[in-house]
Amino acid sequence: MIQHVVLLSLVPDYDETELGQVMRGLADLGEQLEGFTAFSHGPNQDFEEKSADYGYGFICTFMDQAALARYAGDTRHHALGGRLVALCVSGAEGIFVADIET
């Protein structure tokens with residue numbers, strides 16, 4: 001399994017409705033792509049005080065690398081990603097991604 005962890009450094013005046021729509025779009029994508037098994041999202045609580053710049057995040061769970069590749073290449077993912085870039089500090093620079101194989 002692969003945990004695709006994404007943290008977002010949102011601009012101070014980000015559009016909460018837009019963020020919610022993008023999260024719903026990603027959840028819908030999870031229901032449509034083979035091997036995309038789970039999706040969760042929410043505010044970063046930063047209990048250890050190590051990631052204060054990233055106030056929100058989401059995790060996608062994939063069966064394997066092939067499923068992650070399908071997601072990464074999907075045009076709907078690209079469109080949703082573009083919308084996220086517009087919400088983040090310095091665009092794509094405001095997005096942290098880690099893929100953890102479990």
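S9 sits in the loop that runs between β1 (2-8) and α1 (16-32). The model is predicted. S9 is buried, at a relative accessible area of 11%. Its side chain reaches the backbone oxygen of D53 at 2.9 Å. Leaving out residues up to four places away in sequence, S9 touches D53, Y54, L87, C88, V89 and G94.

How many disulfides does a search of the whole structure find? It finds zero. The cut-off for a disulfide is 2.5 Å between the sulfur atoms. C88 is likewise in no disulfide, as its nearest cysteine sulfur is that of C60.

Next, the aromatic rings. A search of the whole structure finds five aromatic pairs. One of them joins F36 and F62. The pair is tilted, with 4.7 Å from centre to centre and 50 degrees between the planes. F36 lies in strand β2 (residues 36-43) and F62 in strand β3 (residues 56-62), so the pair ties together parts that are 26 residues apart in sequence. Ring pairs also bring in Y71, linking F36, F62 and Y71 into a cluster.

| Residue | Relative accessible area | State |
|---|---|---|
| C60 | 0% | buried |
| C88 | 4% | buried |
| F36 | 6% | buried |
| F62 | 0% | buried |

Note on methods. Residues numbered from 1 in each chain as written. Predicted model: local features only at pLDDT ≥ 70, side-chain atom pairs only at ≥ 80, totals over all residues. Heavy atoms only, no water. Helix = DSSP H or I, 4+ residues; strand = E, 2+ residues; numbered from the N terminus. Buried < 20%, exposed > 50% of the residue type's maximum accessible area, 1.4 Å probe, protein only. Polar contact = N/O pair within 3.5 Å; in protein donor to acceptor, adjacent residues only side chain to side chain. Contact = heavy atoms within 4.5 Å. Phe/Tyr/Trp six-rings, centres within 6.5 Å; stacked < 30°, edge-to-face > 60°.
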